[in-house]
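Reader: Hello! I would like to learn how to read salt bridges in a protein model. Could you show me with an example?

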Amino acid sequence: MRVSALNIAHLKLATFLGLLGLVLNIYPIPLFANVQLILGNAAVVIVAILLGPWYALFTALFTATGLMLAWSSAHVYLVFLLEALWLGFARRRDFPILYASICYWLLLGLPLMGLYLWLITGMPTYHIPFTTVKQAFNGIFYTTLGELCVVALPSLWHLKDKLVNHTRRTMSAQLSYLFILITTISLLTSSLVFNHYFMDKQQVLINQNLNDTGISLGHATETYISTNTRTIASIGKFISVSGLPFEQWQLVLDSVQGLTPSFTTMFIANEDGDIVAGSPLEKLNQVKLLPQKVNVLDRDYFIQAFIHHNTFVSPVFIGRGLGKDIIIAISAPIFKEESKTAIGIVEGSLDLSYFSNIDKQNQHHETQSIILLDEKKNIVYASERLGLQPLTPFNYVTGSTEYRTRLQLMNINQEDTETPEYIYAHHKLKNGWHLYVVEPFVPLLTLAQEQYTKTIVLLLLSMVGAIIIAKAISRLTTTPLALLAQHFSQKKDGSINEEKFEHELLDNSTPKEIYSLYESLEANQQALLSHQLELEDKVAQRTMDLEIANRKLKDMAERDSLTNLYNRRYTEKQFLKIQDLCERGQDAIAVVLLDLDFFKKVNDTYGHLAGDECLRVMAEVLTSHFKRDVDLLCRYGGEEFVLILPMCNTLKVEQHLNGFREKLASVVITNPADQVTFSITVSIGAIIADAAYSSTLEVWLKQADENLYKAKEQGRNCVVCTLVTV
């Protein structure tokens, strides 16, 4: 295999694109779960198209290093370096890069990724298909993006000594391929957006279902505990107040046990901790036959009820005496009639099977599981499918650094893996217990995998459809044009073909424009071409003039002439669209009012030119600090500025505003009139709320203005920010 001589200009281009790809790959765009969109590999595709396999391999070393830094996974060198060579050699053979990429991922990429994840990383098998499919999706995306960059950048068309096709393609083939590229990037981009919002909506629904289940089951649990606590307290109070003799205590227990099936056993212990009455009666008889007398003097439920005179609900523990089951004891004191002297306790052991019943009554029982913990974080009840044993501590790991999701994630059985097992919602009950409602994370991953798989299948079908459509368009347009060009071109001897053009494609199905062109060419070929060129120049010039004029008019209508920020009228109009968009997406908005401190003093001291310079500097610092495309920066009037920050991180807005305030205070301003330098500060009032807070900008600005007033009262050069909950 012969390697071509090294070209320094090509090496510089490959190095530049490689470094650019490295930077882009260090910061991949996070989507759902561990799905990340890597755009840096598009640099490898560009180099493969222009320069061939070896330069592409060189560029891939940089881009793969970026992924290695981001993912800490060595497989990137194998998969992506091999892809660079594959694409480069395919380009040398005039094989379309997009088709080559699809073949690579189907034949090599997916199997290599799957084997690596299975044999090396130890990733759970259920997660491997999702990871491999999303990587194939990503590969096709950046390949299409790279090829469109080559098509869209004219400077690359004329790169010296770049690879060229061995055979010239027909216009029909080029049109078909370009149509497929546009269809592919459009489909992949729209599917990314759709999948993002679809998965986001699914997460919201799952989160809501888990929380609703937690609230419902938590309420049922609290009701169960409180009802039976009152029952035990009522028995103790009844015996105390009524002064029933010892002989009748057994009758009371038997009566209550028959009416209250919530207790597996009940008993009464005397002041020495000995069981003197119990229900069911047959268990009491079994206790009496034991060789050693059962005493509960050391139990917490006896101490709390007898000594501290409390109605007490115990943590989960293993019973003794009337039963050896795992129980929760509820106890209450029995007092001597008309005194505060305790003479015993009454205890009931809760029937824990009740929690199994409420678990099964959950309408999402087939997918959701529950874990109920006492105040000591010991398991009271756990759904059977979880395999957790009551009375054991609940050990779990929450969160995952590799997964981007709205949901709370936890691992119970596989604490050492980064792959989440469950989505969960946590509720703390009034009695100090904890309720966890969990749902497997795998179905959500499977759903995402199905979405990406469907997209790839749809992509392949769309390619077939695009080819068919492109061929049909070619038959109607490019083929007749090619025939016309051939007919009206000069012959080898320089003469013009004087024969009448006749062909089966030139009939009533031929587009009117082509037929008119044919008639015009037939009448006066040279005159038509000259007139056409002249007309195109005029149209292009007038279009350019009109576009320039329109841009100027638009800027004059929407922007402040001094600062080039948006003006008040545009801001008030645009806010309605921003608020509506954020309300549909359930996103937060921050509205910020900024006022330059002692601006009048600047004008009075240094002159109005210095004041104008302050405003320009303020606008420049604002523009450099708030860089998101969605942020709206406005000069609202005088020295007042307004920021509208949609889809903001509510926890970081105030920090970002303080960063701006400090940056502005550090800027040295030079007076254009006398070159005297000075600095200026700003007071900031802000409000952060859900978009549903109000659809009227004045309502937001009113609260922001109040905060601005507080900032000035606090000495200026500070930020006062309010987070409003709707």
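Predicted model: local features only at pLDDT ≥ 70, side-chain atom pairs only at ≥ 80, totals over all residues.

Reader: Where do Glu-572 and Arg-568 lie?

Author: Both are in helix H16 (residues 568-584), and they sit four residues apart, about one turn of the helix. Glu-572 has 27% relative accessibility, so it counts as partly exposed. Arg-568 is also partly exposed, at 43%.

Reader: Which side chain meets Asp-597 in a salt bridge?

Author: That is Arg-716, with 3.9 Å from N to O. This pair links distant parts of the chain, 119 residues apart. Asp-597 is in the loop between strand E14 (588-596) and helix H17 (599-606), while Arg-716 is in the loop between helix H20 (697-713) and strand E20 (719-724).

Reader: Is Asp-597 buried or exposed?

Author: Buried: its relative accessible area is 2%, and the cut-off for buried is under 20%.

Reader: Thanks! May we try one more pair?

Author: Gladly. Asp-631 and Arg-628 form a salt bridge too, at 2.6 Å from N to O. Asp-631 has 11% relative accessibility, so it counts as buried, whereas Arg-628 is partly exposed with a relative accessible area of 36%.

Technical notes
Residues numbered from 1 in each chain as written. Heavy atoms only, no water. Helix = DSSP H or I, 4+ residues; strand = E, 2+ residues; numbered from the N terminus. Buried < 20%, exposed > 50% of the residue type's maximum accessible area, 1.4 Å probe, protein only. Salt bridge = Lys/Arg side-chain N within 4 Å of Asp/Glu carboxyl O.
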